[in-house]
Amino acid sequence: MSDARVDREAVREEEMAAEQRYLNVLYGKLDDLRTETTQRLKATLRDSGGPPQARTERDISTRMYTDKLNQLSSVEHGMCFGRLDLDGGETFHIGRIGLFDEDNEYEPLLLDWRAPAARPFYLATAAARDGVRRRRHLKTSWRKVLDYEDEILDLDAAEQGSDLGLAGEATLLARLDARRTGQMQDIVSTIQAEQDRIIRAGMNGVLVVQGAPGTGKTAVALHRAAYLLYTFREQLSKRGVLVVGPNPTFLHYIGQVLPSLGETGVLLSTVGGLYPGITATGAESARTAEIKGRLSMTDVLTAAVRDRQQVPRDHVEVTFDRESLQLKRKDATAARTRARRTRRPHNLARRVFQDEMFKALTLQVGERLGLDLLDRRDLDEINVELRADPEVTRALDELWPELTPQHLLDELLSSPERLATATAKVLDDAERDALLRPAGAPWTPADVPLLDELAELLGEDDAAERAERERQEREELAYAQGVLHIMEQDEEIADEERLRVSDVLDAELLAERFRTSSDLTAAERAAEDRTWTFGHVIVDEAQELSEMAWRVLMRRCPSRSMTLVGDVAQTGALGGASSWDDVLDRYVQDRWKLAELTVNYRTPSEIMDVAAELLSDMDTELEPPKSVRSTGNLPWAQQIAREDLNTELPQLVSEELDEVADGRLAVLMPADLLAEIGPGLAEALPEAVVGTRPDDLESPAVLLTVDEAKGLEFDSVLLVAPEVVAESSDRGLNDLYVALTRATQRLGIVHCGDLPPGLARSFE
Ligand SMILES: Nc1ncnc2c1ncn2[C@@H]1O[C@H](COP(=O)(O)OP(=O)(O)OP(=O)(O)O)[C@@H](O)[C@H]1O
């Protein structure tokens, strides 16, 4: 070994030892914090009894310490991943949380990656150094330093750098090459500059992130949630952040990212999951879902509600006080007009309708008894008696019933007559038939925006409840201000990490916590409340949402503080978006910003070349992304006759499984084919499952429809019957493009008929 090499090895060992010593200090600090927090939690839990005020304070402390402990545990792995050496000789270690040295004037021991001072770790380049001399990426396993990569930011480096301007290239490539586990990992140690700019963009307004497959849109969206929660903690911990994904499997796939960044205050949901009390598990055709997603469904639902505001053909007879009374068409029509003119939701306007009808009926009874013999008090008494009469109220309920969204929608979709009335102006016969289904059928994801719309149209008659709630809220707020004052006096709490209680809680938040009398986070409370409005909403695969789904999300976010990530070239849903303008014009006109991601981290160039060829056949002006790596594995295509799939596919899948070793393989195919051959294939291969549950992604091989694979990734993908995928809908080529771009290493294609032209060119 040359002397120079020996020297380099020695320096390296010394550096590793120094980093290990520093890591020991950091983990020592982490352990101290954990012990301290555990002790406080225990003391709080031990301290039982006392007046209700003391108990509420305890609930808050319990929550605070439990959250803190969860955060301290979740950041254990890879807690410190980088270091910045500045021109002036200063060094900073960067990690998942901030740690401070309280014995030394709270000097930072570890900078939270989201802190402004940590930003050059992601942005500094040799050409724009921002005072950074060296950037170090640390590779650790649990508490041990395994390796490091240094980038010296000088002009030599500027000349040698890759044209994609990657930071920490070796560390990044090692991460990208690693086998997948079925769960998305955070990218906090290797965020690239174009991604960092989006993660840290301001919170106001709508930001659209357009990016081709694998450019890190999902990763960026999740890290942005963590960044916003850190930077705007006070605002967001009250209203919470909502992250919307396309289906439960995808939510499971991304579910670990935010906890691993120490953030738990985010509600992850599909649009179908946003109606408390409804589990939308029903299935329906893409066409039916598309019709339900059209904006014109608002007219259908409005008509359906009006259809429940009836007047008698002539009159309805009821018996009151042993005499016959008439609910007359003329009176009912006038009452209905009056109620509708209030423009209140149906259930609230119902009271106006009833008031008018009781007035008319009182007059009828009065006329019979002789109006000149009755004074105001007598008439009021008659009115009260009429309101208490079951037969009269039943007859009025028939005309203008109190309705729930569930009841109305179920009746509407299962009644050809009601459906015909409500849809007369907007749907043709075939579309109407596509909506019809049996009464009591399970709710589907596309029903949820309809239920939400109906909840708005129907409203709840909760005036008394609301007044009582407002009174309680005023009392609780006053009380919370008092508690906050007392807690601020508590030196022990005020000391913790230099955070005063009032930095993380304010009176309003405290009052909200008291109100629930339990210790739910904003996200947990939001999940139970249909009318909850969020501080920020992030939508992934945003191109898939229907117009009706957008209405739900816009209602949940009146501030329009939103991040929408997606790719209009991947739109598969028939009612999804072809352009961001079309989606947003209605809500924010042109007041939205577009950010683009251009580098593909997932798909190697060999596979991306195939996908790019297909993209050129699609009706889009989008550019294919640049892949950061190539693997040398060329995609392959093989023709198998349709009737031989059952016998030949198991062998192919088995061979691919051998190739990916302990990684993950997906076999993607059209839905009908999966229903037909999936179970047999899974039976023939013990490692394979037909993906029905979200955690099926963690098995070595999973069989999915192309639609289900949206947003996911696997080491290897076997795509079966691409020619059927391409032909199966107007957006078949988009679906095919999605399927081709799921693999991180290998792609195989099995076709039964001719390959679609955009694919055939790659395999000639
Ligand atoms: N800076 C990065 N460092 C390490 N890995 C990254 C980085 N950016 C993206 N990745 C990885 O690249 C893969 C693709 O990222 P992601 O799923 O977020 O892309 P996407 O744009 O949402 O893709 P699609 O539109 O196809 O769903 C993931 O494995 C992600 O962890």
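## What helix 20 packs against

Let's start with the neighbours. In this predicted model, the buried residues of helix 20 pack against helix 11 (286–293), helix 12 (297–306), helix 14 (346–369), helix 17 (405–414) and helix 26. Which residues are these? The buried ones are D447, V448, P449, L450, L451, D452, E453, L454 and L458. In other words, nine of the twelve residues are buried, and helix 20 is mostly covered.

## Length and end

Helix 20 spans residues 447–458. From its first C-alpha to its last, helix 20 reaches 16 Å, close to the 16 Å expected for its twelve residues at 1.5 Å a residue. Have a look just past the helix too: there G459 takes a positive phi of about 70°.

## The crossing with helix 26

How do helix 20 and helix 26 (residues 547–556) meet? Their axes come within 9 Å and cross at roughly 50°. That angle lies between the 35 degrees under which a pair counts as roughly parallel and the 65 degrees where roughly perpendicular begins, so helix 20 is oblique to helix 26. The crossing of the two helices is left-handed.

On the helix 20 side, the residues in this contact are P449, L450, D452 and E453, and they meet M548, A549, R551 and V552 of helix 26. Sorted by class, the contact has five nonpolar and three charged residues, with no polar ones.

Definitions and conventions: Residues numbered from 1 in each chain as written. Predicted model: local features only at pLDDT ≥ 70, side-chain atom pairs only at ≥ 80, totals over all residues. Axes fitted to C-alpha atoms, helices over the stretch in contact; angles between N-to-C directions. Helix = DSSP H or I, 4+ residues; strand = E, 2+ residues; numbered from the N terminus. Parallel < 35°, antiparallel > 145°, perpendicular 65-115°, else oblique. Left-handed = near helix turned anticlockwise from the far one by under 90°. Contact = placed C-beta atoms within 7 Å. Nonpolar A, V, L, I, M, F, W, Y, C, P; charged D, E, K, R; others polar. Expected span 1.5 Å × (residues − 1). Buried ≥ 20, exposed ≤ 12 C-beta atoms within 10 Å, placed from the backbone.
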